[in-house]
Amino acid sequence: MRAIDPWNVPKVIRDYGRLFEDFGISPFNDLLDRIDKPHRYMRRGIIMGHRGYEEVLNAMQTRNRFAVMSGFMPSGRVHLGGKMVMDEIIWHQRMGGDAFACIADMESHSVRDIPWSKCREIGVNEYILSLIALGFDIEHGHIYFQSANKRLLDLAFELGTVVNFSELSAIYGFSGDVSISHMISVVVQNADILQPQLLEYDGPKPVVIPVGVDQDPHIRLTRDIAARMRMFRVEERYNEKEQKPYISIRVKQASEEAFDALVRRLEYPKKVYEMHIDVVDIDVPFETAMHDIENIVRGVELEYGGYGFFMPAATYHRFMQGLTGGKMSSSIPESYIALTEPPEVAATKVKRAKTGGRVTVEEQKRLGGIPEECTVYELLMFHLIEEDKHIREIFEECKAGKRTCKSCKSEAAELMSSFIRTHQEERARAKEVLKEHGLYKQWLDA
Ligand code: SF4
């Protein structure tokens, strides 16, 4: 199996199809019909995969509790890539999710060697201001710095009891020279993902983590950890002899008292053994029984000092290409657009971006352009045009040779500078809001 390294942006994973096969990521498109007003990233296949999102969707649709969380590493300027994650958090918050945004300063400090004061400065003035400017509801959501979150660090320590070096080494390729702090930052990120399920935030619930596909190793590891922290394993099984499904509940690390409490609380026909219970002859719809039993088991786990975690879900978006072709790189400012740069600079970058156009206008008219390879088209599709019909027209006109790259770039540059200008006005307002709440200074001085 190939490794995807979350700390080094992959060399543009072109063959997304293989991710489905190699890593078991499910195609997001299959869920699209079930979503009432999908975000444009969903409609346009930009969010292309998921793990376990069905549970989040069920909660969303039945108005049950769910959460969304993702993080930002404060190591450079906030750019359009970070905006994608912010948009996804905000969309889920508007759909009723309890929203968490983490500034991963411990990761930044341990992996990139960024000084703490710089982490705070970048965290607040780049990421948090843009997040709020884009629409994050600070009254109802949670924004935090890892290093200032005692509850998170306690959870990370606890999670660390079920993860060892060999495992981190196999997943991330860590060798003997990786610092202990880097390893700690991994379990802190696991804790970031599971924290929304703590009792202080209303307990276990489905949580979705919107991320780029390079973050999948963290998600897989955290899902494993969530399962390891459970006291019981609840599974659907099938009795071949009786040709009937049943629900098996096995003790993983529950005390005798917890097991006895569970036996007392399960008002279903059951067979009780020394270390497990089989719920049999279920006379209500199987899914209802499963849901109910999961809730009862979680209730017992919480009462006896466990966590009752749901396995966290994830959505995976694909990456934009760098504007100069190839991948975006913080060391090549021309390859990305920062949300904090002057609008006219952003517009100039768009005008200089690599297109999928032909060498001459004559050829463009005759052969048509290649929007699939065009970074300007990507900007329009990912960020600048909401209406699907409009995007489709641009695609078709490009293909048919009815657009010139010059006019197309001018349109995109105009839209980009207008977006950046408005965003920066919103950022100024967001700063005032943070100051009113006393948070701006508090975060900078933390
Ligand atoms: Fe890209 Fe527009 Fe040129 Fe087509 S016409 S290749 S979409 S810049």
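Helices here are DSSP runs of H or I with at least four residues, strands are runs of E with at least two, and both are numbered from the N terminus.

I noted the conventions next. The model is predicted, so local features need pLDDT of at least 70 and side-chain atom pairs count only at pLDDT 80 or more, while totals for chains, interfaces and linings use all residues. Residues are numbered from 1 along each chain as its sequence is written, and side-chain values use heavy atoms, with hydrogens and water left out.

**Entry: helix α6**

I looked up the extent of α6: residues 116-133, 18 residues in total, reach 24 Å from the first C-alpha to the last, close to the 26 Å expected at 1.5 Å a residue. The expected span is 1.5 Å times one less than the number of residues. I then located a bend of about 35° at G123, taken as the angle between axes fitted to the seven residues ending there and the seven starting there. Of the 18 residues of α6, 14 are buried, where buried means under 20% relative accessible area, exposed over 50% and partly exposed in between (1.4 Å probe, protein chains only).

D87 belongs to helix α4 (residues 80-94). D87 counts as buried because its relative accessible area is 10%.

**Entry: positive phi outside glycine**

I listed two such residues. D113, in the loop between α5 (105-112) and α6, has a positive phi of about 65°. D113 is exposed, because its relative accessible area is 64%. R63, in the loop between α3 (53-61) and β3 (67-72), has a phi near 55°. R63 is likewise exposed, at 77% relative accessible area.

**Entry: helix α10**

I recorded 13 residues for α10 (residues 216-228), with a reach of 18 Å from first C-alpha to last, close to the 18 Å expected. Its buried residues include D216, H218, L221 and I225.

**Entry: K327**

I placed K327 in the loop between β11 (313-317) and α13 (343-351). K327 counts as partly exposed because its relative accessibility is 39%. Its C-alpha is separated by 23 Å from that of S410, 83 residues apart along the chain.

**Entry: the ligand**

Which residues surround the ligand? I found T355, G356, G357, Q364, C374, Y377, C398, R403, C405 and C408, a residue being near if one of its heavy atoms lies within 4 Å. This shell divides into 5 nonpolar, 4 polar and 1 charged. Ala, Val, Leu, Ile, Met, Phe, Trp, Tyr, Cys and Pro count as nonpolar, Asp, Glu, Lys and Arg as charged, and the others, Gly among them, as polar.
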